[in-house]
Amino acid sequence: MDRSTLLPMPIDIDIAHVARLARLDLPEDELDTLRSQLSAILEHAAKVQSLDTEGVEPSNHPLGFVNAFREDVVTGSLDRDEVLAMAPEARDGYFAAPPAMSQE
Amino acid sequence: MSVGWEPVIGIEVHVELATQSKMFCGCAVSFGEAPNTNVCPTCLALPGALPVTNGKAIEWIIKIGLALHCEISEWSVFHRKNYFYADLPKNYQISQYDVPVCHDGWLDIDVDGETARIGIERAHQEEDTGKSLHMGEGGRIHAATETLLDFNRAGVPLVEVVSKPDIRSAAQARAYAQTLRQVIAELGVSDARLEEGSIRFDANISVRQGPDAEFGTKVEIKNMNSFRSLEKAVDFEIKRQIAELEAEGTIIQETRHWDEEAAVTTSMRTKEGSSDYRYFTEPDLVPLVVTPEWREHILSTLPELPHQRKDRYLALGVDTQTALALSSADTALRSLFEDTVGAGADAKAAANWITGEVVAWMRRESVDTIDVDSASVAEMIGMIDANELSASAAKEVLDGILRGEGTARAVAESRDLIQMTDTGAIESAVDSVLADNPDAVERYRAGEQKVVGFLVGQVMRATQGKADPKAVNGLLREKLS
Amino acid sequence: MSLADLTITDAAAGLRAGSHSSVDLTEAVLERASMTEAEVHAYLTIDREAALDAARAADAELAAGEDRGMLHGIPIALKDNMCQRGVETTAASQILAGYRPPYDATVVTRLRDAGAVLIGKANLDEFAMGSSTENSAYGPSRNPWDTGRVPGGSSGGSAAAVAAGSALGALGSDTGGSIRQPGSLCGVVGMKPTYGTVSRYGLIAFASSLDQIGPITRTVDDAVAVLESISGHDPLDATSWAGDYPDLTSEIDAGVAGKRIGVVSEFAGEGYEPAVTGALSHTLDQLSDAGAEVVEVSLPTVELALSAYYLIAPAECSANLARFDGMRYGLRVDGETTEELMARTRARGFGPEVIRRILLGTYALSAGYYDAFYGQAHKARTVLRTEFAAAYEKVDVLMSPTSPTVAFPFDAKSDPLSMYLSDVCTIPSNLSGDPAISVPVGLDGRGLPIGVQVMAPAMGEPVLFGVAKTIERLAGFDARPAMVEELA
Ligand SMILES: [Mg+2]
Ligand SMILES: [Zn+2]
């Protein structure tokens with residue numbers, strides 16, 4: 001990889017954006033603490049960048065095997081009452097939730 | 001459209017495969033069943049459940065790729081596409097990213113007699129989401145007060161076919177979608193029903209000033225559920241963008257929703273600002289390897305596709321428009337054609353009769369399928385060639401054949417439609433008409449040529465319409481001169 | 001000595017000799033739990049009645065001559081990140097409070113098929129993220145050797161149960177050392193099999209490419225017995241090994257004469273307690289005396305393993321834990337919109353360490369950082385595997401301490417980074433996918449157990465167990481926690 005694309009230190013994190021991507025509604029002060037903890041961990045983790053990986057392929061799977069397929073057969077589904085019994089809220093056979101968008 | 005503006009259109013097609021079971025679990029693939037009845041730990045994303053790839057789906061995407069002249073990747077992987085949405089159980093979709101199963105193909109389409117080759121960027125394998133019902137006023141997402149979720153569709157195998165931005169008009173967009181649907185339907189890998197959502201289209205549209213200009217800002221339009229609405233939506237969007245640009249406005253990169261009723265595209269203003277999908281290799285699955293042997297085997301199972309059929313029909317002497325129509329006609333009509341030709345009929349005549357009169361008859365009678373003896377159709381065409389049937393008599397014979405009244409000859413005989421080929425009998429009818437109409441003969445000889453028509457009519461009446469009018473005409477002129 | 005303190009091997013022999021029944025064993029274990037749980041808190045759920053029913057069924061089968069093998073009638077604990085149908089399974093998280101899975105994990109099915117008696121669900125760090133069990137949303141487990149100290153983690157409950165006698169054996173899961181490190185800190189055997197040889201179906205995922213289920217037992221033979229019953233190809237796990245499996249016992253009594261043992265030179269120095277390095281040297285001397293050739297091996301990239309791990313594991317977990325959104329099961333905190341509901345549910349339902357790792361992984365995968373972090377970590381993984389493979393050309397097994405330290409007091413490692421360093425010796429085997437085992441060899445000056453780690457190449461379980469069993473015999477480690485001595 002092109003070494004010039006590596007990040008400069010210290011690592012700057014848009015923690016509010018990351019929390020939004022991860023769907024975590026956290027208060028300001030917690031986000032501040034997390035930002036500094038993450039920076040410290042990432043500075044340590046960024047040591048991997050010191051490794052020369054020119055021409056190295058990433059490891060996708062520890063054992064390196066391929067083509068694990070199942071037959072196209074129906075093996076059955078769960079009982080709906082059991083499924084909906086787990087749900088925080090259900091109605092008429094559906095899982096129920098608030099609207100996707102706010103009303104304003 | 002103003003001079004100089006050129007639309008640039010790419011189309012993404014999502015095809016639900018009609019496998020027995022879902023992409024990564026053993027739940028049935030079904031349509032219209034009671035909600036949440038075809039769900040299991042895997043497709044509901046219960047903690048601990050894992051996906052296992054349906055081998056048939058992989059075979060079928062390769063089939064689609066080969067039909068679209070794509071390269072098949074010898075090695076490819078699944079990725080996780082991460083985004084949160086209520087009907088996406090894992091909150092990531094298993095899809096493909098930088099190495100899809102199929103890439104770099106093409107599809108030929110025909111619009112107004114012109115063929116255009118549309119490039120296929122890629123076809124990748126992924127899984128469908130569940131369905132959200134937005135409850136509230138009119139079922140519209142903006143006015144909804146509640147979401148109801150059904151996961152029967154979650155995990156249904158989905159192939160996404162992405163065209164290159166090679167499409168240049170709304171009519172081409174429609175033709176591309178229709179042609180692609182036809183290919184998919186003929187491969188037998190999908191129900192390919194637009195109304196059930198088993199095939200869905202999104203269009204990416206931009207306009208630019210002439211073919212050498214840079215691409216403009218593109219807008220994605222969604223929610224077209226028929227070929228007609230696809231064409232209308234693309235057309236509307238092209239005009240909207242040109243109007244916007246000519247008014248010195250700018251095009252915003254966004255997703256717009258086709259409103260069928262109002263016939264406009266509207267901006268889908270969602271709070272979903274950033275689409276940072278954080279793709280990474282799906283660690284629960286292993287790579288896909290398509291060996292040359294596997295590829296060859298699948299290639300050998302491909303049926304003849306419309307464009308191949310069209311070329312074959314042209315070689316048989318069928319004219320271009322008819323070959324085009326017939327090659328994408330439904331199976332019953334096509335096999336009628338093949339069998340009729342097989343029974344010895346002339347291909348051009350058979351194609352014309354089938355795409356013309358047979359189709360017209362079906363429309364008149366409001367039937368959508370026919371069961372007809374191809375030997376009779378061939379026989380009818382032979383009788384026309386032998387002058388035994390006039391064109392109008394042949395239409396009646398065909399009607400009899402289609403109604404199951406018997407062979408062409410039997411129908412022609414029972415309906416008394418066989419053309420008189422005995423010249424002696426025609427001649428005696430001509431003679432007696434001339435004898436019975438001396439004034440007419442007189443007027444003709446005085447130079448009134450059109451009186452011949454009257455005399456032909458008299459002969460036809462005398463022969464109950466079975467004489468060949470052309471022969472009658474010739475004979476009359478000969479005798480009158 | 002109570003029946004609760006038997007090895008699986010001895011308990012199984014006794015069942016067949018008629019010296020005790022499965023009900024006797026199960027009652028002894030439940031009795032032990034009733035005396036130790038208040039202090040140790042190894043379990044989140046104990047299903048007493050179901051355990052006794054299973055024990056009675058096992059007794060009836062054995063009496064009828066239906067012998068399902070070594071685990072038949074043996075009380076076993078499951079780490080609470082493994083789904084058991086109808087039994088509350090929380091992964092020690094608030095977000096799954098009250099959740100009862102509608103299906104069994106494959107390991108649970110296999111244990112049932114083997115006739116094992118499932119005692120209950122053992123405590124863990126929330127979603128297996130941690131090295132001390134302090135991250136459990138339901139309170140930490142305590143080390144039976146010193147209840148002022150942690151049992152290690154994340155399979156701390158499983159290890160504490162086996163050490164305390166509230167199970168004869170247990171299953172743990174190991175993503176970066178979560179079986180071996182608590183095994184070491186609790187003075188029991190903890191073994192992580194070759195990736196892909198035990199099905200992950202029904203294991204609540206932390207980091208899919210690293211997670212592996214394995215046994216926690218009192219002896220090496222017991223670990224072999226448990227692994228034999230749970231390993232094998234599973235069509236429900238696409239990453240499950242579909243080829244041949246080695247005979248786990250083929251080298252169990254082979255000893256170490258003529259074996260080449262490599263000591264990883266990077267796993268020493270600052271941060272390693274002298275008692276720990278001393279115990280390893282002593283073990284190596286014993287092995288050498290027993291005929292092994294001990295050599296130093298350098299694996300330079302293991303120094304970066306921790307860094308790579310703290311990019312790969314959080315990245316995978318950020319996606320694996322996305323499904324906990326309050327829509328279909330588990331905790332829901334209401335909101336005006338689905339997005340608000342999800343974000344509130346997740347912020348409330350997940351503990352601080354889980355939140356930290358989700359954010360870390362989300363960041364490492366996000367636009368612009370992928371190549372520098374996640375992509376580079378996976379390349380480092382390849383380099384590390386290559387180094388391991390080269391080492392195994394020269395030696396049969398590699399050895400190191402299991403953990404740089406013995407069990408530490410609660411709250412001693414409140415800084416996340418210092419806690420992460422507990423796994424420095426164990427993480428490389430997760431990245432390489434190779435098997436590794438921790439064997440207890442002695443106690444430090446304060447009476448706290450010390451383990452040594454043996455690592456082998458993929459599918460090298462036979463030689464791994466052979467060397468481990470030799471170490472066990474040479475060490476003669478038979479100490480038990482004081483609380484057990486008092487009760488026995
Ligand atoms: Mg897609
Ligand atoms: Zn399913």
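B:S328 and B:L305 are 23 residues apart in sequence, and their C-alpha atoms are 8.9 Å apart in space.

A word on conventions before we go on. This is a predicted model, in which local features need pLDDT of at least 70 and side-chain atom pairs count only at pLDDT 80 or more, while totals for chains, interfaces and linings use all residues. Residues are numbered from 1 along each chain as its sequence is written, chains are lettered from A and ligands numbered from 1 in the order in which they are written, and side-chain values use heavy atoms, with hydrogens and water left out.

## Chain B

Chain B is divided into domain 1 (6–298), domain 2 (304–414) and domain 3 (423–480), with bounds that come from an automatic or database domain assignment. Between the C-alpha centres of domain 1 and domain 3 of chain B there are 69 Å.

B:S206 belongs to strand β12 (residues 199–209) of chain B and counts as buried at 4% relative accessibility. Leaving aside residues up to four places away in sequence, B:S206 touches several residues, among them B:E6, B:P7, B:V8 and B:Q241; contact means heavy atoms within 4.5 Å. B:S73 is placed in the loop between β3 (71–72) and β4 (75–76) of chain B, and its 8% relative accessibility makes it buried too.

## Salt bridges

Over all chains the structure holds 65 salt bridges, each a side-chain nitrogen of Lys or Arg within 4 Å of a carboxyl oxygen of Asp or Glu. Here are some of them, with the N to O distance.

| Pair | N to O distance |
|---|---|
| B:E6 and B:R168 | 3.4 Å |
| B:D235 and B:K239 | 2.9 Å |
| B:E254 and B:R256 | 2.8 Å |
| B:D284 and C:R200 | 3.1 Å |
| C:R332 and A:E89 | 3.4 Å |

B:E6 is buried at 16% relative accessibility, whereas B:R168 is partly exposed at 27%.

B:D235 and B:K239, by contrast, both lie in helix α3 (residues 227–246) of chain B, four residues apart, about one turn of the helix. An α-helix has 3.6 residues a turn, so residues three or four places apart point the same way. B:D235 counts as partly exposed at 30% relative accessibility, while B:E254 and B:R256 are both buried. Salt bridges that share partners also join B:E365, B:E396, B:D399, B:R403, B:E405 and B:R415 into one network.

## Where the chains meet

Chain A, with three helices and three strands, follows the pattern α-α-β-α-β-β along its sequence. Of its 104 residues, 43% are buried.

The contact of chain A and chain C takes 55 residues from chain A and 62 from chain C. Together these chains bury about 5200 Å², 71% of it on carbon and sulfur atoms; buried area is the accessible area (1.4 Å probe) that two parts lose on being put together, summed over both. Three salt bridges are counted between chain A and chain C. On the side of chain A that touches chain C, α2(A) gives the most, with eight residues.

For chain B and chain C, 31 residues of chain B are in contact with 38 residues of chain C. The two bury about 2800 Å² between them, with 61% on carbon and sulfur atoms. One salt bridge is counted between chain B and chain C, that of B:D284 and C:R200. The elements giving two or more residues to the side of chain B that touches chain C are β5 (79–82) and β10 (144–150).

Note on methods
Buried < 20%, exposed > 50% of the residue type's maximum accessible area, 1.4 Å probe, protein only.
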